Amino acid sequence: MTSPPAGRPSADRFLKVFLAFVSLVLATLVWILGLVDSFGKPSVAPALSLEQQELSLLAQPKVPESLQPLVVGDDPAAALLRTLRDTPLDRLDDRQILLFTALEQEEDYKQSLRRVTVGQPELIPLQQALNGNNAPGLERSELLALAPDPLIRTVACSALGGPPADCVDPAPASAAARRLIFSEVFPLAALILGGLLLLRHGWQLLGRRLPPWPPLVSAPLGPLDMILLVAGGFVVLGEVLVPLLIAPFTGWLSRDMSPALMQGVTVLFGYAALAIPPLLILRQQLSQCDQEALPPGGWLQWQARPIPLAFLQGARGWLMVMPPVVMSGWLVSRWIGDQGGSNPLLEIVLNSRDPLALSLLAITAVVLAPLFEETIFRGVLLPVLGRSLGRSGSVMVSALVFAIAHLSIGELPPLLVLGLGLALLRLSTGRLFPCVVMHALWNGVTFLNLLLLGG
């Protein structure tokens, strides 16, 4: 049996260090450019606020009076009108121009609106009538039949002098009220319950009545391995090179699809392309570990069973992290304003109406993203860092890397807090599957809320 050349280990070590250095430099450059670029990307917040105001106005007649201050506010029509006034006219679409025209009473604004023409010819007679020029000579019922949706029909009916009782479309208003009540009451209830759980946890912590955390089990990997995994596999290969390689294939696959379905396919394949390189690198790294030292539950400590307990721990973690995440987002918006750079997936979900496209987006956001990101950040990075930085250091660094990896300056503080919560759940339970549940709940509830407001 021949022995390997004497210089081979040092040569392998040099190559590994070189690749790690190059990966770290390239990943840092990609992340800096991505974070800077996020300043120029639009925020989903204005679109989300506008959707919520439109839904509130449509739902108002069917929301119980006792819930109206909480759900629709004092005057949803005035709130929507203020938002439309604050938006440049060239950024309004046809239906928003019709809404603006129907709600506006001040002559200065109406003069500006008369100089704007909607792009869809079939809507021009309705726009002319709302501007006080009923040139086509159509009856009110004929004009309202041109309205593209129930909200336009309702506000246009009122603007054209229709009786209030006749202007309310009961079925769409009731459906909007149900969606709005759920989208408002459910998060509020979750915030209250999460706050109570946080207070209880803090009380138990002060009284030293919390059970001790289990030992932190880590794969026998080092910082260089993590740099190769995250910087090399996740960023350089996953975010840059592989997406460029599969772009022609994705374009060919979706060439005959509708724009909405094309977006869903592009997001799904794009995320798969991002995930595959680091997962292959991780598999190779773990295969080189001493398998005789493999701990119960494996290197990643998935430990899905008992499944009910994992779901309970994940749901509890989701509830407890909600108040600090919401608070951090509120503080950022209050102190430095909306910095833009929202995840593009949010606006795609908000505006999409294609069930198949939404299903693909849901699979990406609620299944693939939690599985992949928890494997990398809490399955490997956190415990490996814990061997050299200790638990506190590993929690902070892994959460910071998790937040930066999303390439959004505006969302960085809330994502950092979310990453801290996921890391603490990983340490306190000693297993990874509850973190996947918590992450899936976070993405799933956000996804559902976007569907409710955008539908």
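Visitor: Before anything else, what counts as a helix or a strand here?
Guide: Helices (H or I, at least four residues) and strands (E, at least two) are DSSP runs, numbered from the N terminus. This is a predicted model, in which local features need pLDDT of at least 70, side-chain atom pairs count only at pLDDT 80 or more, and totals for chains, interfaces and linings use all residues. Residues are numbered from 1 along each chain as its sequence is written, and side-chain values use heavy atoms, with hydrogens and water left out.

Visitor: How many helices and strands does the protein chain have?
Guide: The protein chain has 18 helices and zero strands.

Visitor: Where does Leu70 sit?
Guide: Leu70 belongs to helix α3 (residues 68–71).

Visitor: Is Leu70 buried or exposed, or partly exposed?
Guide: Leu70 counts as partly exposed because its relative accessibility is 43%. Buried means under 20% relative accessible area, exposed over 50%, and partly exposed in between (1.4 Å probe, protein chains only).

Visitor: Which residues form the nonpolar patch on the surface?
Guide: The patch consists of Leu70, Val185, Leu188, Ile192, Leu193, Leu196 and Leu199, with about 620 Å² of accessible area together. Accessible areas come from the Shrake-Rupley method with a 1.4 Å probe, and for residues only the protein chains shown count as cover. Patches are made of residues with over 30% relative accessible area and no salt bridge; like charges are joined within 9 Å, and nonpolar side chains (Val, Leu, Ile, Met, Phe, Trp, Tyr) within 5 Å.

Visitor: Which helix gives the largest share of the patch?
Guide: Helix α11 (residues 170–206) does, with six residues.

Visitor: New topic: how many salt bridges are there in the whole structure?
Guide: A search finds nine salt bridges. A salt bridge is a side-chain nitrogen of Lys or Arg within 4 Å of a carboxyl oxygen of Asp or Glu.

Visitor: What does Glu54 pair with?
Guide: Glu54 forms a salt bridge with Arg95, at 2.8 Å from N to O. This pair links distant parts of the chain, as Glu54 is in helix α2 (residues 45–59) and Arg95 in helix α5 (residues 94–103), 41 residues apart.

Visitor: Which of the two is buried, and which is partly exposed?
Guide: Glu54 is buried, at 8% relative accessibility, whereas Arg95 is partly exposed, with a relative accessible area of 22%.

Visitor: Why can such side chains pair at all?
Guide: Side chains of opposite charge can pair when their charged atoms come close.
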